[in-house]
Amino acid sequence: MPIITKISTQKRKGRYNIFIDNEYAFSVSERTLAERRLLKGTELSEEDIEEIKKAEADSHAIQLAMSYLSYQPRSIYEVLEHLNKHEISQEASQAAIENLMDLNYLNDNNFARLFIKNNLRVGKDGPRSISRKLKQKGVAPDIIQDSLYETGDEEWIDAGVRLVHSLVHQVGKLSYKEIKQKALTKLQTHGFDQDLGELVVEHLNLEHDDDEQLEALEKQGIKAWRRYRRDDDFKRKQKVKRYLFQHGFSGSEIDSFLSGELVNLEEIDEY
């Protein structure tokens with residue numbers, strides 16, 4: 001029967017090398033050394049050796065997983081990927097996952113809820129973006145949908161307002177229509193659908209003020225009028241009209257600018 005002929009300490013604290021019949025066999029933790037009463041001269045069967053190796057592999061996998069979880073919550077898939085990077089066997093990885101799930105250290109339902117909660121507290125992502133990120137973390141679609149369903153519109157609206165609130169400062173510089181469109185476009189790129197985006201825009205409190213709208217029209221109109229100064233008068237007005245229309249101004253507002261009601265167009269050309 002194989003006999004332990006030597007036990008030496010590793011550089012890593014708490015780890016020991018086990019030599020059987022004068023050849024290195026495996027390493028163990030200090031805990032395993034004590035629990036198994038592994039001493040020089042101890043006889044081990046092949047079954048004993050395999051059992052010790054398996055226990056060590058399982059223990060190492062759990063320690064790696066626990067260390068990974070200590071930094072922040074993780075999904076089951078993320079922990080499995082982490083163990084795989086450390087070349088932990090599939091058997092040991094699965095045993096570690098099941099152990100941690102039994103202890104409730106790993107729970108994708110709780111993870112998804114917490115992920116959404118943290119985003120709503122400080123983030124700016126909408127439901128679609130959150131869903132995509134959770135899928136990338138290996139969370140099952142039904143868990144994602146259930147977690148999103150538990151979240152009310154008012155919570156998403158708060159995140160959306162944080163995302164586009166800076167556009168409020170464009171009042172008086174851009175038309176209300178353009179500000180709204182910019183807000184909706186930005187919200188959609190961050191995972192808000194059209195209906196939810198409309199609710200967010202409503203909460204921006206963009207109260208329509210005629211003076212601010214005319215101020216924006218004047219600024220944009222002057223900008224366009226100067227841009228097309230090289231064109232003849234007809235083409236110039238057509239291009240300015242198209243420019244202002246694309247920036248959200250109505251036909252009557254554009255006509256008022258081109259007719260010189262807001263600003264003397266000839267004076268613009270003098271500067």
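Helix H8, spanning residues 153-164, is the leading contributor to the negative patch, supplying four residues. The model examined here is a predicted one. Six acidic residues make up this surface patch of negative charge: Asp 153, Glu 154, Glu 155, Asp 158, Asp 193 and Asp 195. Asp 153 lies in helix H8.

Side chains of opposite charge can pair when their charged atoms come close. The structure contains eight salt bridges, and three of them are worth a friendly look here.

One of these joins Glu 56 and Arg 15, with 2.8 Å between the closest N and O atoms. This pair ties together distant parts of the chain, since Glu 56 sits in helix H2 (residues 46-69) and Arg 15 in strand E2 (residues 15-20), 41 residues apart. Both partners, Glu 56 and Arg 15, are buried.

Another bridge is formed by Glu 78 and Lys 137, whose closest N and O atoms are 3.0 Å apart. Here too distant parts of the chain are linked: Glu 78 belongs to helix H3 (residues 76-85), while Lys 137 is in the loop between helix H6 (127-136) and helix H7 (141-149), with 59 residues separating the two. Glu 78 has a relative accessibility of 12% and therefore counts as buried.

A further bridge pairs Glu 198 with Lys 180, the closest N and O atoms lying 3.4 Å apart. It connects distant parts of the chain, from Glu 198 in helix H10 (residues 194-202) to Lys 180 in helix H9 (residues 176-189), 18 residues apart. Are these two partners buried or partly exposed? With a relative accessibility of 25%, Glu 198 counts as partly exposed. Lys 180, at 33%, likewise counts as partly exposed.

After H6 comes Gly 138, which has a positive phi, near 80 degrees.

Notes:
Residues are numbered from 1 along each chain as its sequence is written. This is a predicted model: local features need pLDDT of at least 70, side-chain atom pairs count only at pLDDT 80 or more; totals for chains, interfaces and linings use all residues. Side-chain values use heavy atoms; hydrogens and water are left out. Patches are made of residues with over 30% relative accessible area and no salt bridge: like charges are joined within 9 Å, nonpolar side chains (Val, Leu, Ile, Met, Phe, Trp, Tyr) within 5 Å. Accessible areas come from the Shrake-Rupley method with a 1.4 Å probe; for residues, only the protein chains shown count as cover. A salt bridge is a side-chain nitrogen of Lys or Arg within 4 Å of a carboxyl oxygen of Asp or Glu. Lys and Arg count as positive and Asp and Glu as negative; His and the chain ends are not counted. The place of a charge is taken as NZ of Lys, CZ of Arg, CG of Asp or CD of Glu. Buried means under 20% relative accessible area, exposed over 50%, partly exposed in between (1.4 Å probe, protein chains only).
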